[in-house]
Amino acid sequence: MIGHIMLIIKKIFEKREITALAFLVILFLGVGLRNPDFVNAQSIATVLKGSVLYIFLAVGMTFVLLTGGIDVSVGGTLGIAAAVSATMIRGGSNIFMAVAIAMIIGSSIGLINGVGVAIVKVPAIIMTLGMLGIVRGVMIVYTDGKWVENLPDSFKMASQANIAHVNIYFILAIVTTILVQLYFSKARTGKYFAAIGDNLEGAILVGIPAKKMIIIAYVLSGLCASIAGVIFASQVGFVTSNTGVDIEMVAIAACVLGGVSLSGGLGSVVGSSIGALIMTAINSALIFLKVPSFWNKSIQGTLLILIVVSDVIIHKYFEDKARKQRLSARAQCLDKNLKNLKDTDISTESTLVGGNGQ
Amino acid sequence: MSANKSLMKLHEIYKSFGDNAVLKGASLELSEGEIVAIIGGNGAGKSTLMKILMGIYPLDRGEIFIEGEKVNMNSPSVALEKGIYLVPQEPLLFPNMTVEENVVIGFNENKNVLSGKLRELIKQLGWDISLSRKAATLSIAEQQLVEILRGLLREAKILILDEPTSTLTFNEIQSFFELMMDLKKKGIGMLYITHRLTEVFEVASHVVILRDGEITVSGPVANFTKEMLIKGLMPDNMVHAKTNSEVCTVDYTKQPVLKLDALTGYGFSDVSFSVYEGEILGLAGVVGSGRTELAEAIFGKGEVLSGDIELLGKSIRGLDTNEIVEKGLNYVPEDRHLNGIFAMADVRLNTTSSILSRLSKVFINRKQEKAVTQKYIDDFRIKVTGQDQTLKSLSGGNQQKVVIGRTLSSNPKVIILDEPTRGIDAGARGDVYKIIYQLKKLGLAILLISSDFEEINELADRAEVMYHGTNNVVLSKAEITLDALTQAAFGC
């Protein structure tokens, strides 16, 4: 009975991209029933626009989670990338130059995280938590604790540009998601990240350069967070010293919601991106439902824990079952084995003794 | 060895982990179409040797030749490139990936080409395995097949099979052997690690015995009998005389302290035996024979499917571990680092941690705690600078003494010792043996689980030998010899 229920739950969890998408649709319809304004074009456009930075964070986070790690420093990286790029652009430097510098900063933070986790073997949560603290501190020093405001209109207006009525940043996020998804499913090294999180020993045995891939995962996470930072600066138009605070929770929740396992080895970026859309939609729905926005984080947190707990329960259930099966297989073949082996014993022995006698 | 082309040669391989020399100049050769069976007791260095060949461990000294060419085997990718593939004992698949993804991962070739090759290979082998299934849904036997597919698709010329049959059922074993014969015909060389001597005669062309890090016996299988192999497995200058010449003083007319009645669970089945007051019952067997699973089930940590466990006539089946300890049964686990000790805490806390509830109402009675700790330090001659020394800084032998002390502080009637001297040096081993004798004299019933047959030989009043999850052989004190233990444990 329990096995049956677990199997059904497992099936639901297996096709997580589809389940998550269904959840998103239900969310829109459900909230739409209460407040029809939620499902009009403008409101949907707002959600899409708002989801862009979460999508970037979630894409980067997916690499790290697949390897069985976690990166809680992304909020800090986003903040410092936003502050640096905004300051440079306000100072009149080339936008592309500013974006490049932000990306270098993000990648460097990721590189340090990756080396710490893969080579020095610091637990991922500690390494990236420490990094979060460092980066936050550096950001405050860099901005002198002040807001970076008065960004040029051209930079701000870029976030309003549309292609075929769809926000250009959102298109960028979707293209990135699709490209990364293609990489994961088609490229030779695409499965390496998940393989490492799935079974590290096995990954090493088939010749996967585990340390290198783990470092790359953190670099990509940092890189994606820095892109999210630039997008934040462009969308919001100013950067406060609180930019990016608590955003790592949203990113992790988005991935988990989209079916990425926190124990590694399982998940897709499409799922993570849908998860990011859901997180944004919930945020927006609360406004339409006139729920005070301070409930937002509690709801995100609850969702995160609920999904992780069910993931763990399912995982443990099937792992236990597999272990028991394995142990039983050992014991069960005994009767048969013993009989058969005894028979062969006699025959082998007699031939051997005969052979020796010659 | 044979006229066939030499595939691989290991020359005088040395490897130590810390002070522990695992391999002391092991040499091994494998030619085309040969199946070399490697046998040896636990800790003989079989796995280490294979991991060195696979580039997982670096070697300290020695040379590896592949097809006559010296190779610096410094990573698994080098080994894979040279056509070596290790099929590990427990398959190391990626449970969340499909069979096909599991097989083709790590290749440099085009995916479609690989996919075609894989399908061709499966057709050739006549296997019925769905490529789109997730690895997590496969049986162990099927997982093993996937591991072998991996090796074959890589066009491995050397397959290392590490106890492949230990998780297979009888029918699966037969088809596995047929597969091995097929591969042999194709000229693939196989190193076949096993614990089962019958299998050596069934499939292998050559046999080597690895003992204490050295190859002590090697040659074509036809030159050996099973008795010769058993002899070869045992240490040199074997002393049959037991050091404890005391007459067995166990009173078997009394009620047994611990009695198992057809106990069945995961990893063991239909196990029945009794342990009496003042008796050391040895539970021998090779790793994986189900002894630890059995002990954990007795201790309330593993599931019991059927049968009963009686402590002084009363069933303790289904009780929680703390209730079982309270009733008078305690367990010293196999891996003390994993399950036994609080490494960062001091000797005192480690000794008294299982009886803190007795020493305290709200706050701990320090005086009593100190007294209990001092008692065991004195009794067992534990070498410490003080009660507040951290356990981590003690030697393995002294750590083990602390763990045994803690177990005793709960005043048990039965104590289960799981591999009490593994990883302990010879001097401390003697001390632990003395402690076990002390416990026997105190009238405790002792269940001694050990893969070290000399230990069973020296200590046990009777021995039960586990093979494949059940105790198929009982040996009385007079019958216990290394010979008899080895035979029974290897299922002969």
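This is a predicted model: local features need pLDDT of at least 70, side-chain atom pairs count only at pLDDT 80 or more; totals for chains, interfaces and linings use all residues.
Residues are numbered from 1 along each chain as its sequence is written, and chains are lettered from A and ligands numbered from 1 in the order in which they are written.

Chain A has 15 helices and two strands; helices (H or I, at least four residues) and strands (E, at least two) are DSSP runs, numbered from the N terminus. Of the 358 residues in chain A, 46% are buried. A residue is called buried if 20 or more other C-beta atoms lie within 10 Å of its own, exposed if 12 or fewer, and partly exposed in between, with C-beta atoms placed from the backbone. Among contacts in chain A between residues at least 6 apart in sequence, 80% join residues at least 24 apart. Here a contact requires that the C-beta atoms of two residues, placed from the backbone, lie within 7 Å.

Helix α5 of chain A contains Ala98(A). This residue is buried, with 22 other C-beta atoms within 10 Å. Leaving aside neighbours within four places in sequence, Ala98(A) is in contact with Ser85(A), Met88(A), Ile89(A) and Ser93(A). Lys121(A) is not a glycine, yet has a positive phi of about 65°; the residue is exposed, with 10 other C-beta atoms within 10 Å. His165(A) likewise has a positive phi, near 65°, in a residue other than glycine. Its place is the loop between β1 (162-163) and β2 (166-167) of chain A, and His165(A) is exposed, with 7 other C-beta atoms within 10 Å.

The largest nonpolar core has 238 residues, of which Leu57(A) and Ile160(B) touch the most other members. Such a core is a set of buried Ala, Val, Leu, Ile, Met, Phe, Trp, Tyr and Cys residues joined through C-beta atoms within 7 Å. Helix α11 (residues 210-236) of chain A gives the most to this core, with 17 residues. Not counting residues up to four places away in sequence, Leu57(A) touches Val74(A), Cys224(A), Ala225(A), Ala228(A), Ile247(A) and Ala251(A).

Chain B holds an open sheet of four strands in the order β2-β1-β4-β5, with antiparallel pairing. Since β2 (20-31) and β5 (69-71) of chain B stand at the edges with a single partner strand each, one side of each is left without a neighbour in the sheet. The twist averages 25° from one strand to the next. Two strands pair if DSSP finds at least two bridges between them; nine bridges join the antiparallel strands β1 (residues 6-17) and β2 of chain B. Ser16(B) stands opposite Ala21(B) in β2(B). Across β1, β2 and β4 (61-66) of chain B lies helix α1 (residues 46-53), running at about 120° to β1(B). Axes are lines fitted to C-alpha atoms, for helices over the stretch in contact, and angles run from 0 to 180 degrees between N-to-C directions.

In helix α18 (residues 482-489) of chain B, the residues Leu485(B), Thr486(B), Ala488(B) and Ala489(B) are buried. They lie on the same side of α18(B), because they cover an arc of only 170° around the axis, the arc being that of the directions from the helix axis to the C-beta atoms. The buried residues of α18(B) pack against α8 (226-233), β13 (280-284), α17 (453-459), β19 (462-467) and β20 (470-476) of chain B. Just after α18(B), Gly491(B) takes a positive phi of about 75°.
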